Each structure stands twice: as C-alpha cells, then as structure tokens.
Amino acid sequence: MMGLISYLVFFITIASILAIAVLGLNLQWGNTGLFNGGVVAFFGAGAYGTLLLGGDPQSDHIGGFDLFYPLALLGGAVAAGVLAWVVGRLTLHLRHDYFAIATFGVAVTFENVMRNAEGLSGGAKGLRGFTRPLEAFVNNGFTYNVLFLLVVTSLLVCTYLFLERLIRSPYGRLLRAIREDEIAACSLGKKPDRIRLTAFITGSCIVGLAGGLYATFYAFVSPQDVLPTLTFQLWAMLIVGGAGNNRGAIFGTFLIWGAWSASGWGLSRFAPVEVQLYTGTMQFILIGLVIVGMLLWRPQGLFPERLVVSQSGCKSK
Amino acid sequence: MTIKRIAHKGTITAGALLCMSAFATSASAADCSIKVGAVLPTSVDWGRPIAEVAQYAVDLANEAGGVSGCDVDLILRDSQVDPKVGVDGAKALVDLDGVQLLLGAVSSGVSMPILTSVAVPSGVMMMSCCSSSTGFTALAQEGKSKGLFFRTFATSGVQAAVGAMVARDKGYNSVAILYKNDDWGQDISKLIAADLESLGITVTTSVALNDAQPSYRAEVTQALKGKPEALYLALYPTEGSAAVREWISLGGTQNMILANSLKSDEFRDNVGLQYLGNATGTDTASPRSESASAFVDLYKAKFGSEPNGPGLSNSFDATLIALLAMHAAGKDASGSEIAAQVANVTDPNGTAVSADAAGFAKATEILSGGGTVMYQGATGNVRFDSFGDVSAPAVTWTFTEAGTKEASYITLEEVDEFMASVN
C-alpha cells in the first residue's frame, strides 16, 4: 500500500511537470497557432539553466553557482525565454510548417551543442552533482517526494490560473485573432509580429520552468533528456487532450503519460515470460494506436477548445 | 455397490494423494519467490540480447536452487533508451514490486537518473552491465552513490590504456584520434590522449564524429592535418567504416589502433582487409579460465550463436554476482545489505566458483556457511574497486580472412600496473 502511494506521488510529480510544459506549448499552438517543433530545446534550456545556476561547483565545467534554489529555477525559465527571444526574432516571420521545421532544427542544434560544449554542459555524460534543495533536511525519500509534489502541483495550478486569466483577457482575444486571421488583426491596428513574439517567449518560459523542475527532480540532465522524442511526446499529450483548452492539456498529459507507464507496468506484470522481451515494442504499438485513434475519431481532442464569441466584463453571468 | 463405491473412493484417495505429492514436490522447488527488477532497453535491437542473457542467468540460478531457497522472479521493464521511461520503470519496480535489486540500465544517461532519483533515495542496490560513463566514478568519489552502484563493464580506462600500450610497442610517435561523439567516445578519447601524452607520444588532433552523417570528409581532413603516424579509432562500425574509407582514400596512414567496438565483420568487409594489415584492435578480455569458455559454451547451447553482441558477458556476470550477493545477504535483505555482500562474492581469496548452475549451487552453499567465494565469470575474475568499477585483462587482435585473431594477451596485473604507471 505504502509502495503504491509512493509510486503515485512519483507519477503525479512527473505528470505534473510534463503538464506544465504542455500548458506552455498550448499557449503557443492552441492559442496563438505557433507550431513549435522544438519544444524540447526550451525544456532543455530550463533544465540546464537550473542545474548550472543551482548546482554544486564543478571542476570540469562552468556553472555550479549554488544559487538559492528558487532563483536557479527562475534563471532556468529566463534562459528558456532568452533562447525563445533569439529564436523568435530570427524565425517568427516564417509561417506554420516552415516555422515548425526551423524550431525543430533549433532543438537538434541545442542537443548537439549540449553534447559537445563540455565546458558548459558536461558534454554527453551530462550534468550531475546537483544537491536537491532541502534534501539534507528531509531524511526520508518518501517525505521529500511528497514535498516536491506539493511544490510541483502548486506551480501547475499557478500556471493554469495564469494562463486561464491570460486567454480571457484582451490579450488572449488578440492571440486568437492573430491565429484566425492575421490581416484582420492588422487592419485593427494590432502588431501580430510583436504579439507572436511575446506569446512565444511566455510559452517558452513556462516550458523552461517545467524543464527546471524535471532536472531538479532527477538531479541530473544529459543530452539524452533533450532528444526529439520528448517533443513528440508533449505534442501527443496536447493533441489528445485538446489543443486550445488548458484543462485538456493537463488531462491529456496525465492520460498519455499514464498510458505510457501503465502499459509498461501491465505488460511486465501480466505478459508471459517469453513475451516480456517484446513488451517495449508492444508498448510503442499501443501508444501509437491510441494517438492514431484519437486523430481519426476525435481530432479536436478530448476537451475541445471552447470558442466564445464575446465575453462580458461583468462578474454576473 | 458398496465395493464399487469403496473402489471408487479408493481411486479418489489415490488421485488426491498423487495430487498432493505433486503439489508437495512443486512447492519444495519454489515455495517462495524473490523479485528482482531489470530496466533494460528491450525495444532496441542491441538491447534485447542483453535482457535475454539476464533472464537466462536468472534461469540458471533458479535451476541451481534459487536465492535463499526461493525462485528468482525477474521483472523486466523496457527503458526505451528514454531517461523518463527508464526512471518510471525503476520507480514502479521499487515501489510497486518492492524490489531491492535493480539490474540495468545500459545507457549512462538512463542509469544516472535512476541512480540519483530512485536507487539512492530508496536504498536499492543497482548493478549495471553496460554503463561506461566516468560520471559514476565521480559520483561515487563524492559519496553520493552510497556504495549502491556497481557495474561489470570495465571502465573506458582499460581500453584506453591498452590502446596506448599498442602505440608504445609499435613505436608510433604521433597519433590522431577519431571518436564517437557520445559519453563513451568522449571519455575514451580524453583518457587515451592523457595516456599517450604521459608516454611521450604526441596527439596531433582529437576529432569527434557524430552518428549518421552522410560524409566524414571534414573531420577526416582535420585529423590528417597533423600528419600523424597512426590513427586511433573509438567508433562504431557504421561510422567507423565511412570514416576509415575516407581516411585511406585521402592518403592517411594504415597504422590504426581500434577500440573493441570495431571488432566486427561489417567494419572489416566495408573497409577491405587489404587496408587493415597494420590495424591492431584492443579489447577487454575474458581471463584464461574455464569459466569464461564455459560461458561461451553455455551461450552457444542456449542461443545457437557466439556471444558477439555488446554487453552480453557483462550482463550475465552482473546478474549472477547480484543474485549471489542477494543470497549472501539472506532473505528480505535491504539494498545496502546486498551491496555490502558483493565483496564476499568477488573475494580474491575466496573459493573459486564457475558461472553456471553447478557453480551457482556451490557458491550459494559456501555463502550460506559464511564463507566467501571468488566468482569467475564470463568477463573474468570480476573484482570491484571501492567505487563499484571493475578492471579487466585485455587482448590485442588483428583482422583475418575469417574474422579476428588474438595478437597478444595482457593480464589484469599488467593492465593495472600500466594504468598505475601512466596516472
């Protein structure tokens, strides 16, 4: 029983961290229509940024500034934002598929830089030697995980509330206007390029925050964490949950990550020994089927976007 | 009627008795089971044989009476070479199945987060067959792995040292290095560069090669610039063939030193044997003991082929050593108690035991009596240092028409002595 609770705490922690990243992606794709094909680069910038700023001093590469943890986490998010600013300035004038290809390239570049810049990132063997905040004061691994879960879920709730407010504000309507018809938005005196850039940076900061939490939890990050697989996983979560709907984004994350974990566990538990070696392959097929099925029968996702023609500014409904 | 009924009853009783005795025998073979977790990349082509060998080692142990009289139940989780998936699998094994022993993972990038976020916080022992990163040694030196991590894969140090010995013995004065751009390649290139420098041999350049590039002309040209007398290659066959073909076509030297990853027919055929006359390979070796050849025989009998893939003998040894340590620690031992017993299984002064069912049975008997054993496995007389690393004897080899042939054998003592002399 204790084991089950302990595992659930772990599972919800990871799923919540991924959900924060999917929320950031939802702001970019669901609300603004930016096809970010390189989410993982911003996730990685947050992860590396946090560990470099908050890690223990290292002899073989820079970083290890041992900053106060919340500052390190914030620094990770800012690092992702700065990367988004640079990438955005260069590529945001591209449309849809071109933008997707450009950002995908950025993500591959990011991974390669992290793999090679040993002085910065520790190279292929990754960044280790991070002491998790307050771990010295909490002796028990389980208690620590519960505390970490509380921090992560409260950050998830904060992100959710922030984004809900944001998309209900005039700024949110502007994002949708640009997504639907850029020329119409221009004709009303709006500057789509500028708005797209701010939305891209905001979304990337949120993805970077998730990356920072992820690296903190594992106390480790390596180029293997920033492979394109993660981009596809995050996209699958958003598509299944429902692009444009924040609740859908969170739900989709829990569902897909749950399916990923549960199918692995179920196959290892119930499949006969001879089949065990093939569980990994079967798992890929199962997850693939779920995504293909969703796209065929419910392409708008489980929680479709709720389109509102106009909203009253007054509290009363 | 009555007689019939009695007779009928008789058959029922006999049947019941038979049943009971059948149950009794099966119960005495496995009246309990001990769970052991494995996180291995079974969905990857080279990962599956590693898992198959681990399962086979568990079968052998069960055949020999199991661990503490219990059958070992290996629960296999696929890491998909994805750190998130691997950690999730490991966490589920520890929390939901209550394992105290984890086998795996293969990639250092997966093993490391499992170690730091699951194994160490939960106090579970971890035995990897194949993770080569020097990061684990550094983590152990900082005391952060709490003595819970072991690996049967000789660190890249051995391989690099033997490469440097070859360069010294052949009298090369300058060497260029081409290496695969991953944790293994980066480690080994730095290690051999340091070894060569301390032998007074110049390293002209050290160039990283990324996987799956259409051409390596730029990298090869860069390596050619210093006009080295020899070339050191820490590459995998696909990239290795492409790079060496360009190297030779651009007039590079045919004096080559190869890491064990290039010990492959694919590489030989793609490059062409006529260009490999001066190529000397290095490899960590099985000791000249019966148990090492016993593994080859066992493997051939079970799988019908030579154990030629990466990590197979390491996976076999990792599993058996871990299971013996588990037996020595007794029933319901914690991860750290099992880890503490590893030294008693690999004690150089212990009774030698072979790596098969008979050897396992003998070892469990001695360990139960409080003795220690020296496990002689597929990778030799495995002995861990205080950081959970192993050293190993080595061989040098050359390519032949039929495959490869051994050129020289370097004992564990010679390897250790050389490594001590260059550091």
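1. A:Val40 is buried, because 30 other C-beta atoms lie within 10 Å; a residue counts as buried at 20 or more such atoms, exposed at 12 or fewer and partly exposed in between, with C-beta atoms placed from the backbone. The model is predicted, so local features need pLDDT of at least 70 and side-chain atom pairs pLDDT 80 or more, while totals for chains, interfaces and linings use all residues. Residues are numbered from 1 along each chain as its sequence is written, with chains lettered from A and ligands numbered from 1 in the order in which they are written.

2. A:Val40 belongs to helix H2 (residues 39-54) of chain A; helices (H or I, at least four residues) and strands (E, at least two) are DSSP runs numbered from the N terminus. Neighbours within four places in sequence aside, A:Val40 is in contact with A:Ala107, A:Val226, A:Pro228, A:Leu230 and A:Thr231. Contact here means C-beta atoms, placed from the backbone, within 7 Å.

3. The largest nonpolar core has 222 residues, and A:Leu18, A:Ala210 and B:Ile321 touch the most other members. Such a core is a set of buried Ala, Val, Leu, Ile, Met, Phe, Trp, Tyr and Cys residues joined through C-beta atoms within 7 Å. Helix H1 (residues 2-31) of chain A gives the most to this core, 15 residues. Beyond four places in sequence, B:Ile321 touches residues including B:Met127, B:Val342 and B:Tyr375.

4. In chain B, strands E6 (residues 174-180) and E7 (residues 202-209) pair in the parallel sense over six bridges; pairing requires at least two DSSP bridges. B:Val175 stands opposite B:Val203 in E7(B).

Terms used. Contact = placed C-beta atoms within 7 Å.
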